[in-house]
Every structure is written in C-alpha cells, then in structure tokens.
Amino acid sequence: MKSILQRSQPVGMPVESLTERPAWQALLAHHRQIRNLHLRDFFANDASRGERMVLDAAGLYFDYSKHRVTGETIALLLRLARECDLAQRIDAMFTGAAINVTEQRPALHVALRASFSERIFVDGTDVVPGVQAVLERMTAFCEDVRAGLWRGHTGRPIRNIVNIGVGGSGLGPEMACEALRHYSQRNMQFRFVSNVDGSDFAESTRDLDPAETLFIICSKSFTTAETLSNARLAREWSLRALGDEGALRHHFVAVSTNAQGVADFGIDTEYMFRLWDWVGGRYSMDSAGGLSIMMAIGPENFRALLAGFHAMDQHFRTTPFERNLPVLMGLLSVWYSNFFGAETVAVLPYEHYLKRFPAYLQQLAMESNGKHVSCDGTRFAYPTGQIYWGEPGTNGQHSFYQLIHQGTHLIPCDFIGFGRSLNPLDQTHDLLAANLFAQTEALAFGKTAAQIEADGTPPWLAPFLVCEGNRPSSTILAECLTPETLGKLVALYEHSIFTQGIIWNIDSFDQWGVELGKRLAGKILPELQEEAPDWLDHDSSTNALIRQYRYLRTSLS
C-alpha cells in the first residue's frame, strides 16, 4: 500500500518548503500591510461586512467577519490551499489512500458514516458493507440492553454502563454522551473510566451494583496498558460480587481489532464489536467505539449523529473552497498561527451540554498536529499545531475571559451558540445568547480611553478600563443541539484540523510522541515495586524521584 506522499511525487524529490511557496510569500507581504489595522476600521470601511463574510452550510451559520482579514487575505489563503494540493489530499482521504504516511495506512473515518450505497475501497475491498454490518450488530445489542432483554448473570436487567478506554476511546464517548444527555435513556447510568489512577475506577463504580453493570472495554489493540489495567480492576470488582468466571460473559463486551486478546482476557468474542486499523482512536466515536453513545441515546439517534457527520463530510468534499466551512476555518487557524504568532485557540460553547467539547478537541487537534517534522521527515522552520482549550459560557466569562480581553496574548476564539434551548426556562436562553454576542462584540471593538473618559471616568483610572479590542473570533450558530448537529460540529473540526495539517505538510494521523512515555513507564514500573533493584540507570532527577517514591510508599504502609 503506497502513501499519498509517495504517490504524489517521485521517490527522493523534496517537497517544496511551505515558506517558499508564492502564496506564502504573498501572505507575508499582505500581513505587513494589514497587521496594524483594527477591526473597527474594517467594519467602518465596509458596511456590509457582517452580512457578507458569513457562510451558511450544512445547517451551520458561520460568521467570520470579526477576523482580521480582508477579501484579499481570504483569496491568498485559498491560493495557498491550492498550492498545497488540498483538493487532491481531500480526495485521497475519501478514496482510501494511505494518507497516514508513517504507518502506511488510510485514515478512513469518513467510511464510518458513509451511506450504504457508497463504495470505499481499501486494498481492493469495499469497507462500507463491513461498517454497516457492525452497526447492525451494535443496534441489535443496544436494543436488547435498553429494553431489558439482555440480563446480567443473576437475571437482573442492566442499568449501568461503564465504558473503559483512554484517549479517543474515552474522551469521544464521554463528550458525546454528555452533549446528548437530553436524549439519553434516563433509567440507565453511564460512567467513563479512563485514568489509570485507581481513584477514577473507585469513584465511577462506588454506587453501582455489579449485578446490573455492563463494562465496555474499548481498545483497538487490546494492549493499551491503562485500559487493560482498569479492565482487570473491573473483572475483579465483578467477580467479588458475582463469584463465577462464567458471569463475565453477561457483564463484559469489547470493542477491538484483537480477537485473541479479547478471548484471553475472558470476554466472549461473540460480543466483540470490530474496529479497523484505518480508524484512529480520536476519530472512533462514530464506530463501535461509540457503543456507549448508542446505548445512551438509542440506535435511531446514533444514526442521526452519523448523518450529521456525513453531511459535513459531503460539504467538505464537494463544496468549492471559498464556501467550504472546514477549509476556511483551517486556513484562518494557519493565518493566526503562522503570521500573527497566536499559539492557542479558545473554544467557547454557549451550551451547558457541550462542556466536554473543548477537552475532546484538545486531543483531536493537538494529537493530530502536534508534530515537529513534515511528512518527509524534515524539521519545520515554522510553528505548527495550535493549543485548543476552553470552557462553556457563561462560566468562562468569570474565569479566563479577562486575559482574552486585556491580556498580552492574541487568542482567536470560536464561539458556538444555538437558537433554541433544549430546556427553555424563563428568559435564560436569551440571556445566554446576549452574553455570547456581547463577548464577540467586545472582543472585536473594545473600548477606548476617550470613550471611557467621556463616561466620566477619572483619567488616572481610564487606562485600567481600556479594552483594546481587535481580538478575532468566529461565531458558529445552529438551531438546536441535536445528535445530527453534534455530528456536524465534530466533523467540522476534524476536517478543519486536517486542512491545517495539509498546509503544514503534517501526518495528522500518527502519534509517535505518545509512545515514548508509554515505553519508559513500562521500564519504570517494576522499579517501583517492593522487589525493585537497588540500581537505577535513569538521569539523576528520575532516579531521585523513584527513590523518593519508594520511601513515601513504604513510610505510609
């Protein structure tokens, strides 16, 4: 299987440096011309800017008028996308090319939400029927559990679902179940264990009855140390109460590619739901990795979630770049990262149910594009991979917005809002929306010293009240937070991050930096045990920390 990098150029031919591309050079010159202009000037000089610099596609309304860009900026960014062969790379992803260069395999999460009539081939095999078959198995299983037909070892129905996974196998399902809690089956509880810290497992299971609890062990390789450690805790916890190894088949299912590992653990492979090696963990919530999501919201709503993903996939694949939401979002991120030196992006959903969405995006963005070398192994001479973070509004307004408004860092913001609340209570949703729009206005235009003094503020106090403004933001609006809307939002960010990776010439689908720490942890673990060797061959700091840990461990026993 050849990678897209190999297919797009002869072996040994160097990739043109991003900073040498004509569009990049033109953007540098353009940035020098507009970098000191203020958003107040942009709006004063263009009365229709707020109506013109918007996109309305796939059910999402995207306002980018409060960005420090002109029509020329957008044209140059689109030119850069074309010079970086973005259209060809998008097509390569959707057609199953091995765009994961270092692991020589496709990144084909779009196949997980493809329609049944589509055909997507990997090594000559159409993968869509296999995806649909797994969805059918998931549907039948979830319907049985939700209806009380699948029962535990003692004959009682399952009331508690505990998903054990780490990274995308934990963050995705947890985020989605929280985001879609309004649609969940309320006579069931859903818990998520990801941290290898035993307190996570203890607190997640403390009030649960083992006879009514089903564990979903989610690990593509079924070798992930943190997940298997927690899985073993779950098995011991279950056996202490149920007392019979045969009980496990009623209380454990697996999501994996490793049937032998699943069987060796003691889970009946009849209840193993398949993943594929072309699905990365951070892209797996719409696969069997989302079994807990389907269990919570039901198969019909889960398919609506997939429909939302698919709608954004089709928009990304078929829409011209000048009207393409993910492309434009990705290019704006490159603009701020590489030309303004902005290192972070704040994601600020004005929707309580999306409180875990920024945490989910942290992994999606930073594990994808946190790379220091290009696809051909050359070290970058420019910044890559922005830091994503955030909290829901209005909580963040009373926390970190102060720094965004008056701090010395430029932090582009993504605001996400909805026209209707899932829980309309009095005028609270109007108040929430008023705060959202007020924040974008305040960040863009600020308040000058002259305006503050005109309000009667003493001149000595005025400098402390000045908000300079000129802080860029996007606003994404949708009608209501539904499963379909959530799918669109997640796919929007997936493809925006992919766009950034193509511009930077990154392999957005590997994560080798994660592996080094895992290997070192495997070496250190036996050195912490009671029969640990006296000699240690780490650096002096790590050696001292290990010895101090041993002392603290024994002094408290």
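## The largest pocket

Helix H21 (512-524) supplies the largest share of the lining of the largest pocket, with 8 residues. This is a predicted model. The pocket has a volume of about 1300 Å³. It is lined by 49 residues, and those closest to its centre are Val166, Thr224, Glu226, Val514 and Lys518.

Sorted by class, the lining has 20 polar, 19 nonpolar and 10 charged residues.

## The parallel sheet

An open sheet is built from 5 strands, in the order E6-E5-E7-E8-E9, with parallel pairing. Strand E6 (189-193) and strand E9 (272-274) are the edge strands; each has a single partner, so one side of each has no neighbour in the sheet. From one strand to the next, the twist averages 20°.

Within the sheet, strand E5 (residues 160-164) pairs with strand E7 (residues 213-218) in the parallel sense, over 5 bridges. In general, strands of a sheet pair through backbone hydrogen bonds.

## Helices on the sheet

Which strands does helix H7 touch? Helix H7 (residues 128-146) packs on the sheet and touches E5, E7, strand E8 (252-256) and E9. The direction of H7 makes about 145° with that of E9.

Helix H9 (residues 198-205) lies across E6 and E7. H9 runs at about 175° to E6.

## Helix H13 and its two partners

Helix H13 (residues 299-318) packs with helix H20 (residues 483-504). Their axes come within 7 Å and cross at roughly 35°. The crossing is right-handed. On the H13 side, the contact residues include Ala304, Leu305, Gly308, Met312 and Phe316. On the H20 side, they include Leu486, Gly487, Val490, Ala491, His495 and Phe498. By class, this contact has 13 nonpolar, 5 polar and 4 charged residues.

H13 also packs with H7, at an angle of about 145° and with the axes 10 Å apart. H7 contributes Gln132, Leu135, Glu136, Met138, Thr139, Glu143 and Arg146 to the contact. H13 contributes Pro299, Phe302, Arg303 and Leu306. The class count here is 5 nonpolar, 2 polar and 4 charged residues. H7 therefore has contacts with the sheet strands E5, E7, E8 and E9 and with H13, where contact means heavy atoms within 4.5 Å.

The largest cavity holds about 120 Å³ of space. Its lining has 13 residues, and His67, Met329, Leu332, Ser333 and Asp414 lie nearest the centre.

Helix H14 (325-339) and strand E12 (413-418) are the elements that give two or more residues to this lining. H14 gives the most, with 4 residues. By class, the lining of the largest cavity has 8 nonpolar, 4 polar and 1 charged residues.

Note on methods:
Residues numbered from 1 in each chain as written. Predicted model: local features only at pLDDT ≥ 70, side-chain atom pairs only at ≥ 80, totals over all residues. Heavy atoms only, no water. Pairing = 2+ DSSP bridges. Axes fitted to C-alpha atoms, helices over the stretch in contact; angles between N-to-C directions. Left-handed = near helix turned anticlockwise from the far one by under 90°. Nonpolar A, V, L, I, M, F, W, Y, C, P; charged D, E, K, R; others polar. 1 Å grid on protein atoms, 1.4 Å probe; cavity = no way out; pocket = protein on both sides within 12 Å on 5 of 7 lines; lining within 4 Å. Points joined across faces, edges and corners; volume = space filled by probe spheres on them.
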